[in-house]
Amino acid sequence: MGNQRNRRTGPMAVLRHLLFGVALVAAPALAEDVVFIGWSQTEVGLKPTLEKIFAGFQATHPRDKLEVIGFPFGQMEQNLVLRRRNDQRMDVAQLQERWLPPFVAMNALYDLNQVIGADVLAARYDPDLLKLGQINGKQVAVPFTAGAITMVGNRKVLDAAGIKQPPRTLEEFTAALRKVKAWNKDVIPFGFSTKGISLIQVESTIVFWAFGARFIDEQGKVLVDSPQARDALKYLVDLVKEGLIAKGNDRFDTRKIFANDQVAFFFDPPVVRGFVRAQAGGPAADAKVMILPVPTLKAGDTPRGLLWAHFLVMFNQGGATGARDGAGAQLLTAVGMDAATQSVLWRETGQIPTLKTTLAEVGKDPYIQDFLAAAKTARWDETTFFANGAELRQIIGEEVEAAMLGGKSVDDAIRTMARRLDTALKAAR
Amino acid sequence: MAALAIGQPRGAAYLGAQQRFGFLLTVPALVAYGVLILYPFLNSARLAFYRSTLMAPEPVFRGLENFEQLFGDPDFLLSWLRTLVFVGATTALTVALGLGWAIVLNQGFRGARVLRSLSLLPWVMPSAVTALLWAWLLHGQYGILNAALLTLGVLDQPIAWLATGAWAMAAVVLAKTWLSTALVMTFFLASLQTLSSEQVEAARLDGAADRHVIRYIVLPHVRNTLLVVLVLQAMGNLQQIDVIYAMTGGGPVRATSVLSIEVYKTAFQNWNLGRASAIGVLWFLTIAIPAGIYLRTLFRE
Amino acid sequence: MLELSSPLARILFAALAAAIGAYLLFPVAWLVATSLKPDPEIFVKFPSLLPQHPTLDNFARALKASGLGGYLRNSLVTATGSALLTTTLAALAAFGFAKYRFRGRQPLMLLLIAAQMFPFAVLLITLYPMLKAVGLLNTLTGLTLSYIVFALPSGIYILFTFFVQIPDELIESARMDGAGEVTILRRIVLPLALPGLIAVAVYSFMWAWNDLFYSLTIIASKDLRTVGPGLMLEFFGEMQQDWGAAMAASFLASAPVVLLFAFLQRYFIQGLTAGAVKG
């Protein structure tokens with residue numbers, strides 16, 4: 001009897017209420033660890049701006065400990081997967097577009113409509129670019145920058161070689177390549193990657209599409225065993241034979257050589273401007289970078305590049321919360337949704353902005369216009385949404401390489417590719 | 001060794017204590033080995049019988065499925081051959097050059113000391129830069145090898161060495177050899193320094209020429225070092241990934257895809273851990289048998 | 001040692017010396033030359049041996065790379081730490097295997113050394129969660145411990161061959177003189193095996209120093225990175241391929257270590273000849 005009364009109003013009860021009250025007040029103020037993982041902040045062009053953002057974030061969140069983790073771009077995906085598998089905390093992560101679907105399939109990401117709010121996102125981001133990060137109705141990613149992999153030309157080289165009009169069809173393109181070679185046989189006419197399986201796969205995809213060939217349909221049916229695919233591959237093989245594509249360079253090598261005016265055309269995403277600036281001495285070098293549509297088979301066809309983007313996502317593990325006002329959400333907002341930042345990044349490195357405000361401010365620039373136009377007609381790589389996409393891409397890249405460098409016959413390569421893709425797709429089911 | 005000295009009144013208990021002490025000495029290493037090497041090794045070996053991929057990381061038992069897939073892949077079997085070529089060529093070349101360079105430096109001519117120190121540079125340089133350097137030397141458009149050969153008239157067109165099958169293998173062999181020669185040279189140099197000059201002088205008095213000295217005195221003397229170095233280099237070349245991956249990525253058309261590269265790609269690009277572990281198990285079995293035989297002979301000596 | 005009495009012998013010797021010397025040292029000279037060249041001089045079909053308009057820009061950028069000193073320090077710490085750790089463990093174990101006949105020593109040693117034959121990359125997949133579980137991920141300690149994987153079994157093997165050569169009589173007579181096992185180890189065995197110990201130390205240092213993959217994966221914080229990944233982060237990336245600065249930086253990072261080794265080599269040789277006299 002006496003005990004019951006004490007439990008409601010006695011000193012212990014008071015203490016309990018007090019503690020509960022303190023907890024309520026203290027909870028939001030409890031320190032959080034918040035983790036950002038990405039590669040751009042390690043790179044020379046973007047480092048100063050991003051580091052300022054991180055410093056600013058830490059200053060406005062003194063009780064939260066911000067940990068910024070950086071890996072070289074080439075090792076980034078690998079480490080993201082490793083950390084995912086080991087349940088390590090990654091509040092905000094920077095992703096290349098093709099790494100997104102596997103993580104989505106693993107249910108590893110928060111729906112940013114819930115975390116940031118669909119209305120907020122729609123108000124801030126360009127709607128077409130925002131759509132890129134939507135998969136199965138969920139906003140799993142927001143675009144940090146976006147564009148497409150399309151054709152890039154060196155104005156200096158083209159002028160010197162006497163190419164007045166950018167080539168629109170494949171026929172014109174081949175003629176232009178021959179003209180470059182005739183002008184100077186030491187300049188590489190077409191800097192198509194011939195080293196590195198994944199690069200070969202990406203770039204050959206664009207060429208295959210130009211010929212109307214496809215690899216796989218959405219249901220997993222292999223479509224590559226077609227005359228169009230054979231035409232595409234034969235085209236590439238012939239270019240190598242004729243010396244219009246050089247052997248042994250990957251896209252990173254080619255970018256350097258391009259920046260030194262020894263390449264006429266190559267495939268590249270929007271980072272090319274930042275790269276050329278860093279290599280060839282600042283914004284003065286911008287003038288020589290020409291963004292061109294991918295050459296098409298027939299005049300009037302739609303040029304199709306590969307969709308390209310850097311996304312920001314939030315992983316849902318290791319203690320990271322999807323709270324609306326959580327440190328993670330605030331970090332994402334600070335890094336990816338600040339118009340002023342995107343403006344600075346555009347000015348300094350040529351990074352294509354994705355926020356409405358920034359695009360309104362700088363969107364008239366021809367560089368941005370060219371890439372946004374390319375992005376409109378660009379498509380996702382066909383292997384992207386398959387669980388074993390990496391394996392499929394490896395198969396495609398290997399067979400193309402075998403035909404281009406190893407003397408495998410076009411017919412043989414296509415047939416083997418189709419067979420191997422089929423086996424891999426069946427095994428994954 | 002266990003033979004008791006005659007007349008020494010020591011008992012079996014003492015012998016037992018000795019044996020215990022001997023065993024105790026090995027314990028710290030065994031613990032480190034057990035935790036850091038054996039457990040991961042057994043865990044990986046176990047994974048070889050499971051399917052574990054990116055999408056399905058929870059391992060599902062599949063018996064010999066991974067092994068069947070591997071043996072059914074003709075290119076995988078070629079990897080063995082490539083590995084043999086790479087390891088054989090690199091080890092032989094490294095040991096030969098290391099020994100040769102050690103003999104040269106041992107002469108003690110002026111500047112030998114400086115040369116000796118400078119030879120360490122290839123070995124100390126980070127592998128990312130070694131790969132870049134060699135890729136650059138052999139570059140199809142801007143490499144100095146092509147420039148030299150064109151100038152000398154040996155070639156009339158530059159060759160993209162790293163994009164041409166057999167040459168790519170030669171290139172990675174040269175690069176890895178370049179890296180390791182210094183270490184091997186150091187081992188041999190140390191061994192040569194313990195060669196007593198009296199032995200050589202005695203042979204000279206008997207009328208031995210240089211080549212006799214090398215054949216009958218130097219080579220036998222370094223024999224033990226030679227064996228150790230061969231084994232270590234072979235094992236190291238088997239594990240080599242960094243330089244090859246950075247120079248050729250395993251290409252062109254898999255020409256330089258040795259087993260270590262295959263394992264790395266399968267594990268960290270395709271995330272097919274079951275398959276990667278299966279490759280590891282096969283690799284282990286292939287090496288363990290000759291290794292076991294070799295160790296048996298070591299023990300017998 | 002060689003007399004080189006005939007002119008032919010001298011010519012052959014000189015040719016051999018020049019060939020091997022050129023193979024080893026020309027690429028290094030080329031590296032330095034390239035890092036002193038401006039880009040337009042590099043991307044030419046017939047590059048000149050010496051820079052025509054030498055520039056210190058690459059070295060300036062290499063020095064400005066803020067992390068370089070730290071990367072060097074971290075590499076030295078982990079490589080030296082693992083060298084010491086590996087050598088100690090290997091020495092103890094090898095001696096136990098070589099000089100004491102306990103049950104199961106053959107299969108045990110076989111297993112130990114055979115496990116060196118498993119691909120390192122696959123081991124890392126299991127090591128990673130293990131390190132995470134004990135909180136050693138992203139620490140230099142964790143990295144140093146992981147480096148044991150590279151050289152412990154080989155180290156045991158190397159030292160085993162050394163210890164096996166130490167005459168049993170030496171040890172027996174010491175025992176008869178009443179020396180305890182530990183004293184025998186310290187006073188007799190270790191001095192004789194010194195070259196072997198140094199060899200193992202150098203060998204495991206080299207493996208750790210040259211490692212790229214383990215340190216790239218285990219270490220995530222910039223200030224704990226070692227030289228290999230550090231160079232990649234500073235100069236290679238999506239938007240940068242600063243070969244010139246990378247070459248300059250790697251030269252700057254390598255030179256101190258080479259000097260260190262050159263310095264230590266003298267003691268290495270001393271230790272050897274001393275051991276030989278005693279033996």
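## A buried aromatic pair in chain B

In this predicted model, B:Phe268 and B:Trp271 are both buried (under 20% relative accessible area, with exposed meaning over 50% and partly exposed in between, using a 1.4 Å probe and protein chains only). Over all chains, the rule counts 45 aromatic pairs. B:Phe268 and B:Trp271 form one of them, an edge-to-face pair with 5.6 Å from centre to centre and 65° between the planes. Rings of Phe, Tyr and Trp (its six-membered ring) pair if their centres lie within 6.5 Å; planes under 30 degrees apart count as stacked, over 60 as edge-to-face and the rest as tilted.

## Rings and charges in chain A

In chain A, ring pairs join A:Phe173, A:Phe190, A:Phe192, A:Phe265 and A:Phe267 into a cluster.

A:Arg273 has its charged end over the ring of A:Tyr367, 4.1 Å from the ring's centre. A:Arg379 lies over the face of A:Trp209, at 4.7 Å from the ring centre. A charge sits over a ring if NZ of Lys or CZ of Arg is within 6 Å of the ring centre and within 35 degrees of the ring normal.

## Where chain B meets chain A

Here 26 residues of chain A are in contact with 22 residues of chain B (heavy atoms within 4.5 Å). The two chains bury about 2100 Å² between them, and carbon and sulfur atoms give 56% of this area. Buried area is the accessible area (1.4 Å probe) that two parts lose on being put together, summed over both.

The rule finds 1 salt bridge across this interface (a side-chain nitrogen of Lys or Arg within 4 Å of a carboxyl oxygen of Asp or Glu). A salt bridge joins the side chains of A:Glu398 and B:Arg254, at 3.4 Å from N to O.

## Where chain C meets chain B

This contact takes 107 residues from chain C and 108 residues from chain B. The buried area is about 10400 Å², with 78% given by carbon and sulfur atoms. C:Met1, C:Tyr23 and C:Met117 supply 8% of the area that chain C buries against chain B, more than any other three residues. The count of salt bridges between chain C and chain B is 0.

## Conventions

Residues are numbered from 1 along each chain as its sequence is written, and chains are lettered from A and ligands numbered from 1 in the order in which they are written. In this predicted model local features need pLDDT of at least 70, side-chain atom pairs count only at pLDDT 80 or more, and totals for chains, interfaces and linings use all residues, while side-chain values use heavy atoms, with hydrogens and water left out.
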